[in-house]
Structures are given as C-alpha cells and as structure tokens.
Amino acid sequence: MIRATDIAELLELAARTARGAGYWLFPDAPASSTATTPFFLPYEELAQREADLCASLAAQGLRRGDRLAFIIPQQDLALGLWFACLRSGICPIAIREPFTASELAAHPQRVAQLVAANDARALVLTSRSEAVLSAEPPDVPMFLLDPHVE
C-alpha cells in the first residue's frame, strides 16, 4: 500500500512508482473551435513542473502560510501551480477567466475584490490576463506564467 501524508507527496510517489500513468486533460478551446482533443500529462512531468514552480514561488518570496491567487487557463500549468502551492504550504486561490463580454468588463474589479477578500500576497497570471488587468491592476505583486516561458 502506498502511504502519503498529503496530496503533494502522493504526486511524488505516483511519479516514482506509476510509470506511464498520469492525467488526461482537455484543452480550453474558443467557442468557435471544435478542438477538443485531450492530451496526456504524465505524473513524472507534472512532478517536474511542480518542483520547478516550487523554486519559482520561493524565489518570488512566497512562503508557507501565504495565499497565492492565480488566473491560469491552461490546465497543465494550473495543475502544476496547484501542486506547487500545496507542496510549499501556500494556499492556492484559483480565479477563473471571464467568459462573456460583461464578465470581461467587470473582471479587473472582480479580481481586485477576490485578491483583497482572500488576503492574497501575490497574483500569478498569463500575459492574456495581464492585458485585461493592466488598466486596473490589483494591489499585489503580479507574476507571469506563460506556457512558452520557462
């Protein structure tokens, strides 16, 4: 029997012992697209992303007990960041991207309210979200996490 004390440790154990296993993820596709081809994210790759992101969070000064808000639409990046937060003792606060034009217009205020209400120490987002928030950024440090940026 595999024993783990938390979900981050369970991922580490799965990466070492369950070779070839992982998550099937479905890409977020624009409404006009019919692309729904799932992709496979092996536990080993997810564990490596988690380790890399843990180091990045520490380098940004985030520590155990901090709260980190994030707006990351790419499932593989969001999953890696979620596990990195759990491994680091950081409380992840997921904020979804807006779906409609009215949600988009209210998005900067909504993000600022959620960040403040949850006492988030920082916000991680993609360049797409940064562009939307640039007119009214929340009052916390913002860090970019884009799929093409290592």
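A disulfide here is a pair of cysteine sulfur atoms within 2.5 Å. All the views below come from a predicted model, in which local features need pLDDT of at least 70 and side-chain atom pairs count only at pLDDT 80 or more, while totals for chains, interfaces and linings use all residues. Residues are numbered from 1 along each chain as its sequence is written, and side-chain values use heavy atoms, with hydrogens and water left out.

**View 1. The cysteines C54 and C85.** By that cut-off, the structure holds zero disulfides. C54 is in none, and its nearest cysteine sulfur, on C85, sits 8.2 Å away. C85 is in none either; for C85 the nearest cysteine sulfur belongs to C91, at 8.1 Å. Buried means under 20% relative accessible area, exposed over 50% and partly exposed in between (1.4 Å probe, protein chains only). C54 counts as buried at 15% relative accessibility, and C85 counts as buried at 0%.

**View 2. The open sheet.** Four strands line up in the order β4-β3-β5-β6, with parallel pairing. β4 (91-94) and β6 are the edge strands, each with a single partner, so one side of each has no neighbour in the sheet. On average, neighbouring strands are turned by 25° against each other, direction ignored. Strands (E, at least two residues) and helices (H or I, at least four) are DSSP runs numbered from the N terminus, and two strands pair if DSSP finds at least two bridges between them.

**View 3. Strand β5 and its partners.** Side chains in a regular strand alternate between the two faces of the sheet. In β5 (residues 122-125), A122 and V124 point one way, L123 and L125 point the other way, and all are buried. Four bridges tie β5 to β3 (residues 67-71) in the parallel sense, with L68 opposite A122. On β6 (residues 142-144), joined to β5 by three bridges and also parallel, F143 faces V124 and L144 faces L125. The chain gets from β5 to β6 through helix α5 (residues 127-133) in a right-handed β-α-β crossover: with the strands pointing away from the viewer, the path from the first strand over the helix to the second runs clockwise.

**View 4. H107 in helix α4.** H107 has its place in α4 (residues 101-117). H107 is buried, with a relative accessible area of 2%. Leaving out residues up to four places away in sequence, H107 touches I71, R96, E97, P98, V132 and L133, where contact means heavy atoms within 4.5 Å.

Terms used. Axes are lines fitted to C-alpha atoms, for helices over the stretch in contact, and angles run from 0 to 180 degrees between N-to-C directions.
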